[in-house]
Amino acid sequence: MKQTLKEYMLYQLEKLLAIPSPTGYTKEVCDYLAAQLTEMGFAPYSLHKGGVICALNEGENALMLAAHVDTLGAMVKTVKGNGALMVTPLGGLTAANVETETAWVITREGKKYEGTFQIENASTHVNREAGTAVRSFDSTLELLLDEKVYSKDDTRKLGIETGDFVAVNPRFTITDSGFIKSRFLDDKASAAVLLTLAKAVSEGLELNRKVYVMFTVYEEVGHGAAAGIPSDVKDMISVDMGCVGAGLNCKETQVSICSKDSAGPYNYDVVNDLVAAARNAGVDYAIDVYPFYGSDVDVTLKAGFDIRHGLIGPGVYASHGYERSHVEGLENTYNLLVEYLK
Ligand SMILES: [Zn+2]
């Protein structure tokens with residue numbers, strides 16, 4: 001991978017992570033993606049439900065590459081009597097995982113207020129049970145606003161209401177050793193890879209078939225790629241986080257090729273071709289079975305589209321928490337796609 005493209009990929013990763021996009025609140029990130037693609041000379045278009053599709057070239061035998069740009073998040077459920085907020089999770093956010101994390105409430109008028117997820121009565125010098133209480137969005141965990149609010153009325157006067165979106169701080173960093181730590185690498189890491197592929201095409205990279213990129217929304221709640229697949233698409237590959245964990249082969253430095261997830265096996269020929277491309281190019285990869293995972297392309301098939309399907313992506317550890325991947329995992333994902341499309 002060219003150094004300039006690698007820098008572009010990491011630049012876009014940081015940019016994408018900095019735009020809050022809890023599932024259901026994704027207009028800003030989609031506008032950003034459409035603007036980037038337009039600047040490269042492409043003609044992206046938006047789906048009515050949200051999300052961006054863009055053809056990278058002309059040709060036959062079209063392939064769709066899809067990454068999702070919605071993330072986990074939360075929504076205000078109750079303004080409490082003490083002025084703090086109870087929230088309901090959007091997607092698989094867990095209370096234990098966001099405790100002590102900063103977050104922003106986004107009001108219907110577009111104002112943002114910072115707060116911190118804390119267990120109620122969080123001072124350990126005051127509450128003996130602070131360390132052992134069950135962590136739950138339904139009871140103990142509250143979003144403590146960094147505003148002088150001490151009652152329900154105080155908070156409502158700020159314009160904060162039930163139904164407001166809550167975006168969690170991604171806390172992005174790259175270590176000197178190349179590890180990328182951030183929330184929402186699922187799936188903004190892959191979105192950065194696809195933007196980089198588009199960039200390479202805009203600079204002259206030739207592909208062996210027609211390729212679309214698609215940035216979906218509502219993936220985290222199960223209907224991301226259920227609509228809008230162009231009629232000429234024959235094959236579709238979800239580019240989404242690869243699982244890393246006990247019993248699996250993949251490391252954060254590798255690209256994961258998924259052979260089966262919760263919806264069953266991926267297309268035999270597509271997986272074979274991906275493995276062959278990885279071997280040809282000397283890409284560091286692992287094949288894995290994902291125990292608890294559903295992908296956008298699973299949803300596309302269930303929606304009735306007649307396509308062959310695959311799933312690849314950079315290895316991501318601690319998924320749906322404070323996630324960790326590696327620059328090499330993104331590079332290997334990019335290099336596999338380039339070889340597959342040669
Ligand atoms: Zn994902």
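Reader: How far apart are the centres of domain 1 and domain 2?

Author: In this predicted model, the two centres are separated by 32 Å, taken over C-alpha atoms.

Reader: What makes up domain 1, and what makes up domain 2?

Author: Domain 1 takes in residues 3-71 and 184-340. Domain 2 takes in residues 73-168.

Reader: How do you know which residues of domain 1 and domain 2 are in contact?

Author: The test is heavy atoms within 4.5 Å. Twelve residues of domain 1 and eleven residues of domain 2 pass that test, so they are said to be in contact.

Reader: What is the area buried between domain 1 and domain 2?

Author: About 910 Å² is buried there, and carbon and sulfur atoms give 66% of that area. By class, the side of domain 1 that touches domain 2 has six nonpolar residues, five polar ones and one charged one.

Reader: Why does the radius of gyration of the chain agree with a compact globule?

Author: Good one to finish on! With 342 residues, a compact globule would have a value near 20 Å; the chain has 21 Å, so the two agree. Along the principal axes, the C-alpha atoms fill a box of roughly 65 × 40 × 40 Å.

Terms used
Residues are numbered from 1 along each chain as its sequence is written. This is a predicted model: local features need pLDDT of at least 70, side-chain atom pairs count only at pLDDT 80 or more; totals for chains, interfaces and linings use all residues. Side-chain values use heavy atoms; hydrogens and water are left out. Domain bounds come from an automatic or database domain assignment. Buried area is the accessible area (1.4 Å probe) that two parts lose on being put together, summed over both. Ala, Val, Leu, Ile, Met, Phe, Trp, Tyr, Cys and Pro count as nonpolar, Asp, Glu, Lys and Arg as charged, and the others, Gly among them, as polar. The radius of gyration is taken over C-alpha atoms; the globule rule is 2.2 Å times the number of residues to the power 0.38.
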